[in-house]
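Trainee: I have a new model open and want to learn how to read it. Can we go feature by feature?

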Amino acid sequence: MSDTSRRARRPAKPYRRPQKDPVRILAFDALRAVDERDAYANLVLPPLLRKAREKGDFDARDAALATELVYGTLRRQGTYDAIIAACVDRPLREVDPPVLDVLGLGAHQLLGTRIPSHAAVSATVELARVVLGDGRAKFVNAVLRKVAQSDLDGWLEKVAPPYDDDPEDHLAVVHSHPRWVVSALWDSLGGGRAGIEDLLEADNERPEVTLVARPGRATTEELLGEEAALPGRWSPYAVRLTEGGEPGAVTAVREGRAGVQDEGSQLVALALADAPLDGPDEKWLDACAGPGGKAALLAALAAERGAFLLASEKQPHRAGLVARALDGNPGPYQVIAADGTRPPWRPGSFDRVLVDVPCTGLGALRRRPEARWRRRPEDLDGFAPLQRGLLRTALESVRIGGVVGYATCSPHLAETRAVVDDLLKQFPDTELIDARPLLPGVGALGDGPDVQLWPHLHGTDAMYLALIRRTA
């Protein structure tokens, strides 16, 4: 009997249904939402996890793994793409996005977690069978087996150009940031390899959840009674939740007496509130108030002094978020939907004005890792007129002797000092206030008078603040 006839008579292997893994399916669904709908993981993931828990599919360990898979894959996407590109025989742009998402999940398990290689490959191939089909699952299997042949350090030696040959491209691949972002952050830091590497690495770390105890409504002592809670590093109203603490489980947060707010954001509001004034201190304005974190803290501080806060936000739905954040504030306030560049209030109406302008968000890449892959250098040109227009209105809205705080959640020089310098030229009867003494205890604030916070130095988002007083 020939070999051919023996093979022909051999019974075919029975078809095996792919095993559905709820954790990895949820992680895949989150990544697809980020890619297809330009959603943010920090908005998409919580409802997915909540639904999974309600169905009984998830426990706390499952939720932690799903969260790590989603955020780890997004943070290291640039590095993993470079490695995957070395393992496929076509440009990555020719690989279907859902396949790339599955490969990214597999690469992160292989190179960024302690999951054993055989388990990482097997689980990811099973995921591919469920969400992609058997044909493309074979492709995923072949690629991941190549990825598994080396660890992360070994792969970086292969796919990252030497630092001496191309420093920015080396850092971009090793630390998973677009090259233009590496260049911009490096300029903002002022040079030096150690600083930029520390910053880029900090961007890839999972940030702690930070709460704010809104004055007159909650205390840090109350929040510190929560499990795994620690005092903030800088703000007297901050409390950090460690070990993956869930803000929604905190009574004061549910009741609106406390909120989730990065410590850098708290420091910006506190500095403006404490800046020295000439004259009365009765009317405050938050000119770009959405979604309401800074406005809620300012309103509480204003209430302690008997001052009034007007919180203005252009988008009506975001104005609704501001109103929700301020609901229950003990002092007088008002929330309106208005364009900050064409305000309904009269010039010179306010003693203190905060304008936290829309920006590229490059200072919050720890919290929104997908933003680094969405932003483009040309986005700066789109934000520039709006940022200057909002600061111009803010300076017109403050009275002589009053103070404006210009803030961004971006350290890019085009969004920070360039904007401030331009407007100071247009308003010669103004002066910069040294903001550094208004952040007591916070070190490494540079030469002033403006302030730039950093994830790797301060453990905060990279918030920028300039304080400007009208002198005439």
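Trainee: Which residues of helix α9 (residues 152–159) are buried?

Mentor: Keep in mind that this is a predicted model. Buried means under 20% relative accessible area. In α9 the buried residues are Gly154, Trp155 and Leu156.

Trainee: What do the buried residues of α9 pack against?

Mentor: They pack against four helices: α5 (77–85), α6, α8 (134–147) and α10 (167–175).

Trainee: Let me step back to the loop between α8 and α9. Is serine 150 buried or exposed?

Mentor: Serine 150, which lies in that loop, has a relative accessible area of 17%, so serine 150 is buried. Set aside neighbours within four places in sequence, and serine 150 is in contact with Leu111, Trp155 and Lys158. Trp155 is also one of the buried residues of α9.

Trainee: How do I describe two packed helices?

Mentor: Use the angle between their axes and the distance between the axes. Take α7 (117–131) and α8 (134–147). Their axes are 8 Å apart, and the packing angle is about 155°.

Trainee: Which orientation class does that give α7 and α8?

Mentor: Angles over 145 degrees count as roughly antiparallel. Therefore α7 and α8 are roughly antiparallel to each other. Their crossing is right-handed.

Trainee: Which residues meet there, in α7 and in α8?

Mentor: From α7 come Val121, Thr124, Val125, Ala128 and Arg129; from α8 come Asp134, Ala137, Val140, Asn141, Leu144 and Arg145. By type, the contact holds six nonpolar, two polar and three charged residues. As for the spacing, an α-helix has 3.6 residues a turn, so residues three or four places apart point the same way.

Trainee: At what angle do α2 (residues 22–36) and α6 (residues 97–112) cross?

Mentor: Roughly 130°, and their axes come within 10 Å. That makes α2 and α6 oblique to each other. The crossing of α2 past α6 is right-handed. Arg24, Ala27, Phe28, Leu31, Arg32 and Asp35 of α2 meet Pro97, Pro98, Asp101, Val102, Leu105 and Gln109 of α6. Those contact residues split into seven nonpolar, one polar and four charged.

Trainee: What follows in the loop between α6 and α7?

Mentor: Threonine 113 is placed there. Threonine 113 is partly exposed, at 23% relative accessible area. Threonine 113 and glutamate 68 are 45 residues apart in sequence, and their C-alpha atoms are 8.9 Å apart in space.

Trainee: Now the annotations. Which residues does the UniProt "binding site" cover?

Mentor: The unreviewed UniProt entry gives Cys288, Ala289, Gly290, Pro291, Gly292, Gly293, Lys294, Glu313, Asp339 and Asp356. Check where they sit. Cysteine 288 is in the loop between β5 (283–286) and α16 (293–305), and is buried at 14%. Not counting residues up to four places away in sequence, cysteine 288 touches Ser312, Glu313, Leu354, Val355, Asp356 and Leu390. Aspartate 339 is in the loop between β7 (333–337) and β8 (350–356), and is buried at 16%.

Trainee: What does UniProt list for "active site"?

Mentor: Cys409, again from an unreviewed entry. Cysteine 409 is in the loop between β9 (398–408) and α20 (417–426). At 16% relative accessibility, cysteine 409 counts as buried.

Trainee: Which residues are in contact with cysteine 409, beyond its neighbours within four places in sequence?

Mentor: Asp356, Cys359, Gly361, Leu362, Gly363, Ala364, Asp461, Ala462 and Met463. Note Asp356, which the "binding site" annotation also covers.

Key. Residues are numbered from 1 along each chain as its sequence is written. This is a predicted model: local features need pLDDT of at least 70, side-chain atom pairs count only at pLDDT 80 or more; totals for chains, interfaces and linings use all residues. Side-chain values use heavy atoms; hydrogens and water are left out. Axes are lines fitted to C-alpha atoms, for helices over the stretch in contact, and angles run from 0 to 180 degrees between N-to-C directions. Helices (H or I, at least four residues) and strands (E, at least two) are DSSP runs, numbered from the N terminus. Angles under 35 degrees count as roughly parallel, over 145 as roughly antiparallel, 65 to 115 as roughly perpendicular and the rest as oblique. A crossing is left-handed if the near helix is turned anticlockwise from the far one by less than a right angle, and right-handed if clockwise. Contact means heavy atoms within 4.5 Å. Ala, Val, Leu, Ile, Met, Phe, Trp, Tyr, Cys and Pro count as nonpolar, Asp, Glu, Lys and Arg as charged, and the others, Gly among them, as polar. UniProt positions are given in the numbering used here, feature names are shortened, and annotations may be inferred rather than shown by experiment. Buried means under 20% relative accessible area, exposed over 50%, partly exposed in between (1.4 Å probe, protein chains only).
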